[in-house]
Amino acid sequence: MVRRPPRSTPVPCTAPCPIEIVQGGPGDLASVNAIMAEAFDPRYGEAWTPSQCLGMLALSGVWFVVAWVGNQPAGFAMARTVLDEGELLLLAIRPSMRRRGIGTALLRAVLAEAGDRRATFVHLEVRSNNEAIRLYRAEGFVKIGERRDYYRGRDGKLFDAHTFSKSIG
């Protein structure tokens, strides 16, 4: 994976552009926070704070990747490995960039990196009404569990958490 320096002025791509997945670093956190602010519906309170992201990145086995389309950060994924287990922690795509294969590219990059780190399977947890479930199923993730009333929306409404897993090795 290539490491790309952060850009100060995004330049939109005017034609279909390839997706470039690069290893993220501290200089990319401003882009990550901007993507989360756009991508995560505030009704659910799922976006992490900058300090939460920094705190996770300080832990062993945690990494993230950023998807660039043209000259613009379009999405990111954060994951971790512990022993032979991988976990997708966050995956977010700017709403204006969705349905272009960016989520698939990010998820596949996470799976490849987790495999390189000797994980044999990857888990994730997702709110039961999250549209990303279609992506996870399409990429071979299987539902292995459910936590009733796990997530609480800002309005107090409760949502189940679905746990998915995929064998990668």
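Which residue in S3 does Trp63 stand opposite? In this predicted model, Trp63 faces Ala79 of S3.

**View 1. Strands S2 and S3 are joined side by side in the sheet.** The two strands run antiparallel, with eight bridges between them. Trp63 and Ala79 stand opposite each other here, Ala79 belonging to S3. Helix H1, residues 29–39, packs on the sheet and touches S2, S3 and S4. The direction of H1 makes about 100° with that of S3.

**View 2. Seven strands make up an open sheet.** Their order is S1-S2-S3-S4-S5-S7-S6, and the pairing is mixed. Strand S1 (19–23) and strand S6 (142–152) are at the edges; each has a single partner strand, so one side of each has no neighbour in the sheet. On average, neighbouring strands are turned by 25° against each other, direction ignored.

**View 3. The largest nonpolar core holds 29 residues.** Leu106 and Tyr136 touch the most other members of this core. At least two residues each come from strands S2 (62–69), S3 (72–82), S4 (85–93) and S5 (121–127), and from helices H3 (102–116) and H4 (133–138). H3 gives the largest share, seven residues. Apart from this core lies another, of 18 residues, including Leu29, Ile35, Phe40 and Val66.

**View 4. Leu106 is shown with residues that it touches.** Leaving out residues up to four places away in sequence, Leu106 touches Ile21, Val65, Val66, Ala67, Gly75, Phe76, Ala77, Leu91, Ala92 and Ile93. One of these, Val66, is listed among the residues of the 18-residue core.

Key
Residues numbered from 1 in each chain as written. Predicted model: local features only at pLDDT ≥ 70, side-chain atom pairs only at ≥ 80, totals over all residues. Heavy atoms only, no water. Core = buried A, V, L, I, M, F, W, Y, C linked by side-chain atoms within 4.5 Å. Buried < 20%, exposed > 50% of the residue type's maximum accessible area, 1.4 Å probe, protein only. Helix = DSSP H or I, 4+ residues; strand = E, 2+ residues; numbered from the N terminus. Contact = heavy atoms within 4.5 Å. Pairing = 2+ DSSP bridges. Axes fitted to C-alpha atoms, helices over the stretch in contact; angles between N-to-C directions.
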